[in-house]
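Hi,

Here's the structure I promised to pass on. Have a look at it first, and my notes follow below.

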Amino acid sequence: MRIKRLKNKDNRLKFYCNNFGFRKPFQVLIDGTFCFEALKSKLNIRDQIPKYFDTDVKLLTTPCIINETEKLGPSLYGAMLIAKQFAIHYCGHEKSPITGSECFLSMVGENNANRYIVATQDKGLQKSLRKIVATPLLYLCHKAPTLEAPSDVTKAAAEKVMMSRFAVNDTQRETIKELKIKTFGPEKEKFKKRKKKQPNPLSCLKSKKFKGEEHVVQHTIEKPKNKKKRVRVKISKHVKEELKKMKTDGSQI
Ligand SMILES: [Zn+2]
């Protein structure tokens, strides 16, 4: 089970690195709810999170998170002490702090340009962050850190990134064409172009009308009837003379 969990984490991290340029050391933004859950689960964030990612990570929190845990009183006192252990990432709300979830959403922005991994147990914040492209979520599940699978929005964006990498622009298409000609020679015409046949002139004739009735000209061509061929028989001269004699003899009789 543990091996499968770590394998999933490796694949998901690779996905974020390959498609959205996440780099080591990863920056993990931690809120009060994550600190609270870690305390309950007796998980030492500073030890266990770098161990889980198998690399150095920057564990960060914001003045808004510290302010929020302080305000929530004794119930979150332990979580506040844990949060104060991490480096404070200035968020721009120092003068007028906002809620932890609002603060994280403003830091992530439209597309998580600074490539944060957000560690939170807040379901509402998780739901909002899933709608933002390239925002990995880290939470504790059965006392174990878990990097959530990329959301549908993030997967769709990654697909677009992949497609754009393989897309060929016009100049690339031209160079490919030139290289093809250099290596294989000019392209030969595979098939001869067929000449356009002229339509049968008879089929172009307009139909004629007789006394209101439509009369369509028939386009069949009648074949000439077979004529009997003359057979000439050559008769030699002496036979002709004999025949003449016989005729004259016959007339005399
Ligand atoms: Zn803030």
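Is Val-239 buried, partly exposed or exposed? With a relative accessible area of 31%, Val-239 is partly exposed. Keep in mind that this is a predicted model. Val-239 sits in helix H10, residues 237–252, and belongs to a nonpolar surface patch together with Val-231, Val-233, Ile-235, Leu-243 and Met-246. Together they have about 590 Å² of accessible area.

Next, the zinc ion. Its protein donors are Cys-64 (SG), Cys-91 (SG), His-93 (ND1) and Cys-103 (SG), at 2.1 to 2.3 Å. The arrangement is tetrahedral because the angles between the four donor atoms run from 98 to 116 degrees. Along the chain, the donors are spaced as C-x26-C-x1-H-x9-C. Both Cys-91 and His-93 are buried.

Then the charges. Side chains of opposite charge can pair when their charged atoms come close. The whole structure has four salt bridges, including these:

- Lys-9 with Asp-10, 2.8 Å from N to O. Lys-9 is buried at 3% relative accessibility, whereas Asp-10 is partly exposed at 37%.
- Glu-37 with Lys-40, 3.7 Å from N to O. Both lie in helix H2 (residues 32–40), three residues apart, or about one turn of the helix. Lys-40 is exposed at 55% relative accessible area.
- Glu-70 with Lys-84, with the closest N and O atoms 3.0 Å apart. This pair links distant parts of the chain, 14 residues apart: Glu-70 is in helix H4 (residues 63–71), and Lys-84 is in the loop between helix H5 (77–83) and strand S3 (87–88).

Cheers

How values were computed: Residues are numbered from 1 along each chain as its sequence is written. This is a predicted model: local features need pLDDT of at least 70, side-chain atom pairs count only at pLDDT 80 or more; totals for chains, interfaces and linings use all residues. Side-chain values use heavy atoms; hydrogens and water are left out. Donors are N, O and S atoms within 2.8 Å of the metal (3.2 Å for Na, K and Ca); water is not among the atoms, so sites may look incomplete. Four donors count as tetrahedral if all angles lie between 85 and 135 degrees; four count as square planar and six as octahedral if opposite donors are over 155 degrees apart and all others between 65 and 115; anything else is irregular. Buried means under 20% relative accessible area, exposed over 50%, partly exposed in between (1.4 Å probe, protein chains only). Patches are made of residues with over 30% relative accessible area and no salt bridge: like charges are joined within 9 Å, nonpolar side chains (Val, Leu, Ile, Met, Phe, Trp, Tyr) within 5 Å. Accessible areas come from the Shrake-Rupley method with a 1.4 Å probe; for residues, only the protein chains shown count as cover. A salt bridge is a side-chain nitrogen of Lys or Arg within 4 Å of a carboxyl oxygen of Asp or Glu. Helices (H or I, at least four residues) and strands (E, at least two) are DSSP runs, numbered from the N terminus.
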